[in-house]
Amino acid sequence: MMNFVPLTLYAAALVVYAWHFARRNPAVGRSATTLLVAAALSHTFVIGMQTMEVGHVPVAGATSAISTFVWLLALAYLYTEMTTDERAMGVFILPLLVALQAIPAIRPGVEDRAALLQGPLFGVHVSSLLFAYASFALACVIGITYVLLFKEIKAKHLGFFYARLPSLQVLDRMNQRAIVIGWIFLTVGIIVGGVWAAEARGGLAAGDPRVQAMSLQDPKIFVALVCWCVYSFELFAARRIGWGGRRAAYLSALGFAIVLLNFIPISYFLTKSHNF
Amino acid sequence: MHLLLVGISHRTAPVEVRERVDFQARGVADALGALAARGSTREAVVVSTCNRAELYVACDEAAGTRADLVKFLSDFNEVAPADLAPHVYDVTDLDAARHLFRVAAGLDSLVVGEPQILGQVKEAHTVATDAHTAGPVLNRLFHTSFVVGKRVRTETGLGSGAVSVSYAAVALARKIFGDIAGRSVAVIGAGEMGKLTALHLKSQGVQHVTIISRTMAHAARTADAIGGASAAPWDEMDAVLGASDIVVTATGAASPILTKAHIESVMRPRRNRPLFIIDIAMPRDVESAAGEIEQVFLYNIDDLQATVRENLARRASEVARAEAIVGEEVEKFGAWFRSRGAIPTVVALRQRFEAIRRAELERLDFKLSALPPEARARVDEITHLIVEKLLLTPTEQLKALSDASTVGAYSEALTRLFGLAEQDEPRTVEPFARHRPRTPR
């Protein structure tokens with residue numbers, strides 16, 4: 001129920017960002033940012049209320065995790081916008097925020113935290129991964145805009161995006177930075193997850209079927225490792241074989257598609273180890 | 001009070017006439033002084049650029065002032081009236097306002113949307129302010145024109161997109177590399193075109209320019225002429241290309257000097273760092289298939305001209321939006337301008353009330369003379385305050401009127417009710433000042 005307020009504000013911000021993108025009116029741009037800040041604040045409030053309600057940060061279930069992910073992505077985007085003074089990406093990020101925030105809005109309530117999820121390692125595991133995914137989402141959106149601009153310049157038809165997006169160089173650098181940050185958090189998240197699973201097996205919860213399912217055969221874990229491979233390759237390729245620019249952009253889109261696959265269908269329907 | 005514009009511009013006068021009517025050369029401040037001395041105007045601003053010479057004035061009587069301004073144009077610039085007359089245009093009141101707003105927006109420029117004109121209009125107003133020839137009407141008019149210029153710049157695409165080939169090339173380089181100051185440029189061909197391009201890139205902040213020519217001596221001479229550029233012999237081409245971000249080819253070669261295979265071989269050690277090739281040679285120096293290589297952006301002179309044409313077309317499509325902004329601001333200015341029609345009535349009304357007050361005080365002078373000076377001063381102050389209070393609401397109501405016929409009706413009614421027509425209409429009183437200094441009787 002409460003999640004409708006941020007959803008509405010995100011949707012309103014999307015409309016204003018689109019308007020700003022089309023008309024390039026700075027006053028409209030400022031109101032777009034204001035709306036997004038309002039959305040993020042109300043979202044902070046919602047998450048804060050849920051934390052007080054259940055006594056821990058609501059990241060333990062798939063739906064709460066999505067809500068927290070949306071919140072992190074909104075903050076990460078706002079940070080990028082403030083540091084680069086570049087609003088053009090907003091119109092690409094916000095549809096993602098709105099679409100994902102719709103899930104917690106229509107599936108209200110915070111999942112109870114299973115007893116075995118208490119403890120600091122679990123918190124580090126989930127929050128690093130959510131942060132990594134938010135970075136990858138930014139990288140994907142930046143990559144998409146890179147490709148749009150690249151195609152216009154290559155086709156010698158300098159039109160809509162040419163007038164609105166920052167330079168290819170800036171987009172490429174932003175993409176790389178988002179990938180590096182995401183990769184670091186993904187690596188930390190996966191390692192901490194592994195350590196946590198090993199401890200759980202030796203502990204009291206060893207008999208839990210979910211703990212027993214924690215292996216490379218589980219789709220959630222397997223796909224997360226595929227993700228790690230894709231992003232590691234992207235980082236390697238950009239530095240070693242000159243796969244910057246458009247190829248890096250395509251790889252970030254591919255990587256984030258896998259992240260989304262892991263985040264929604266697999267979390268809800270397929271995984272046997274992560275269905276908390 | 002009327003607004004009047006008399007002038008010539010690139011739309012009405014050929015360059016031979018425009019260069020003779022050059023207020024910049026003769027001194028705009030002097031022109032303003034000379035114009036004020038003629039006494040036909042109340043306020044004046046001279047907007048003078050290489051494409052226009054326009055006099056914006058506020059005056060009491062439009063027809064006479066118009067004739068005097070035309071005469072002033074030819075007198076001051078020492079041009080025979082007959083040479084000038086066919087090219088001079090004049091517009092009055094809100095049409096003059098609309099004209100200035102269109103000028104400030106870049107709508108009346110030779111290249112629609114060019115950015116310098118707004119600065120030139122601001123400069124013209126500053127000079128007039130310093131010369132004390134700009135008053136309330138022209139100040140309001142020009143400040144509104146700055147608003148129009150700024151709004152058109154930020155709310156429409158009228159000024160966006162490069163409209164010359166060289167700027168289009170620099171804009172592209174910026175879109176690919178971001179900041180181009182730290183980028184290296186190689187210019188192949190030491191001819192005039194190559195030199196001009198290198199100079200342009202230098203003026204845009206590029207630091208490293210290398211000239212390559214088949215004749216090393218030519219390359220060195222061109223590099224010297226540019227200043228701060230280096231020269232390289234033809235056989236070091238690959239090394240220079242490998243180190244460059246932007247390559248300009250401008251040789252007179254009959255067949256392509258850079259093939260796709262050649263550029264591919266240069267790209268490999270670059271690890272796909274982007275390479276922007278500008279081929280301004282005719283016939284072309286670079287095989288067009290080279291543009292297919294990933295991270296090679298190849299533009300020849302036709303491509304650049306095509307983008308310029310697209311930009312011009314896009315600017316043209318923004319004209320309607322810019323005109324709409326001009327229309328809105330003319331509307332707002334018009335409301336203010338028309339409300340000034342009530343000023344003579346306001347002045348007359350205040351004069352009337354003040355005259356009655358003074359007459360009554362004089363009539364009672366013999367009774368008041370017994371009072372101490374402080375008490376007499378107090379009486380003067382109180383009566384003055386009563387008059388001010390009585391006039392406050394009618395004055396504000398009159399100021400708020402914005403449509404000419406209502407202003408006329410109100411003025412007519414007030415003139416009759418208070419017998420305002422019976423007295424002279426004094427011009428020296430500032431109409432809206434509420435706290436004039438006064439001396440106690």
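This is a predicted model: local features need pLDDT of at least 70, side-chain atom pairs count only at pLDDT 80 or more; totals for chains, interfaces and linings use all residues.
Q: How many residues of domain 1 of chain A are in contact with domain 2 of chain A?
A: Count each side. In chain A, 20 residues of domain 1 are in contact with 20 residues of domain 2. On the domain 1 side, α3 (62-84) and α4 (90-106) of chain A each give two or more residues. The most comes from α3(A), with nine residues. By class, this side of domain 1 of chain A has 15 nonpolar, three polar and two charged residues.

Q: Which residues touch the most other members of the largest nonpolar core?
A: The general idea comes before the case. In soluble globular proteins, nonpolar side chains tend to be buried together. Here the largest nonpolar core has 126 residues. Those that touch the most other members are Ala13(A), Phe69(A), Leu97(A), Tyr133(A), Ala137(A) and Ile211(B). Helix α5 (residues 120-154) of chain A gives the most to this core, with 19 residues. Another core, of 54 residues, lies apart from it; Ile8(B), Val28(B), Leu141(B) and Val152(B) are among its members.

Q: What does Ala13(A) touch, not counting residues up to four places away in sequence?
A: With those neighbours left out, Ala13(A) touches Ala32(A), Leu35(A), Leu36(A), Ala39(A) and Leu94(A).

Q: How many residues of chain B are in contact with chain A?
A: Now look between chains. On the chain B side there are 20 residues, in contact with 16 residues of chain A. The elements of chain B that give two or more residues to its side are α8, α9 (165-177), β10 (296-300) and α14 (301-339). That side of chain B divides into six nonpolar, seven polar and seven charged residues.

Q: Which residues of α7(B) are buried?
A: Think of the helix turn. An α-helix has 3.6 residues a turn, so residues three or four places apart point the same way. In α7(B), the buried residues are Ile117(B), Leu118(B), Val121(B), Ala124(B), His125(B), Val127(B) and Ala128(B). They pack against α3 (28-38), β2 (43-49), α6 (93-105) and α8 (136-155) of chain B. Just after α7(B), His132(B) takes a positive phi of about 60°.

Q: Why does the span of α15(B) agree with its number of residues?
A: At 1.5 Å a residue, the 21 residues of α15 (residues 343-363) of chain B should span 30 Å, and the end C-alpha atoms are 30 Å apart, so the two agree. In α15(B), Thr345(B), Val346(B), Ala348(B), Leu349(B) and Arg350(B) are buried. These buried residues pack against α17 (373-400) and α18 (404-418) of chain B.

Q: What radius of gyration does chain B have, and what would a compact globule of 441 residues have?
A: Compare the two values. A compact globule of 441 residues would come near 22 Å, but chain B has 33 Å. The C-alpha trace of chain B spans about 110 × 50 × 40 Å along its principal axes. The assignment gives chain B domain 1 (2-159), domain 2 (165-304) and domain 3 (340-422). The C-alpha centres of domain 2 and domain 3 of chain B lie 78 Å apart. Buried residues make up 36% of chain B.

Key
Residues are numbered from 1 along each chain as its sequence is written. Chains are lettered from A and ligands numbered from 1 in the order in which they are written. Two residues are in contact if their C-beta atoms, placed from the backbone, lie within 7 Å. Helices (H or I, at least four residues) and strands (E, at least two) are DSSP runs, numbered from the N terminus. Ala, Val, Leu, Ile, Met, Phe, Trp, Tyr, Cys and Pro count as nonpolar, Asp, Glu, Lys and Arg as charged, and the others, Gly among them, as polar. A nonpolar core is a set of buried Ala, Val, Leu, Ile, Met, Phe, Trp, Tyr and Cys residues joined through C-beta atoms within 7 Å. A residue is buried if 20 or more other C-beta atoms lie within 10 Å of its own, exposed if 12 or fewer, and partly exposed in between; C-beta atoms are placed from the backbone. Domain bounds come from an automatic or database domain assignment. The expected span of a helix is 1.5 Å times one less than its number of residues. The radius of gyration is taken over C-alpha atoms; the globule rule is 2.2 Å times the number of residues to the power 0.38.
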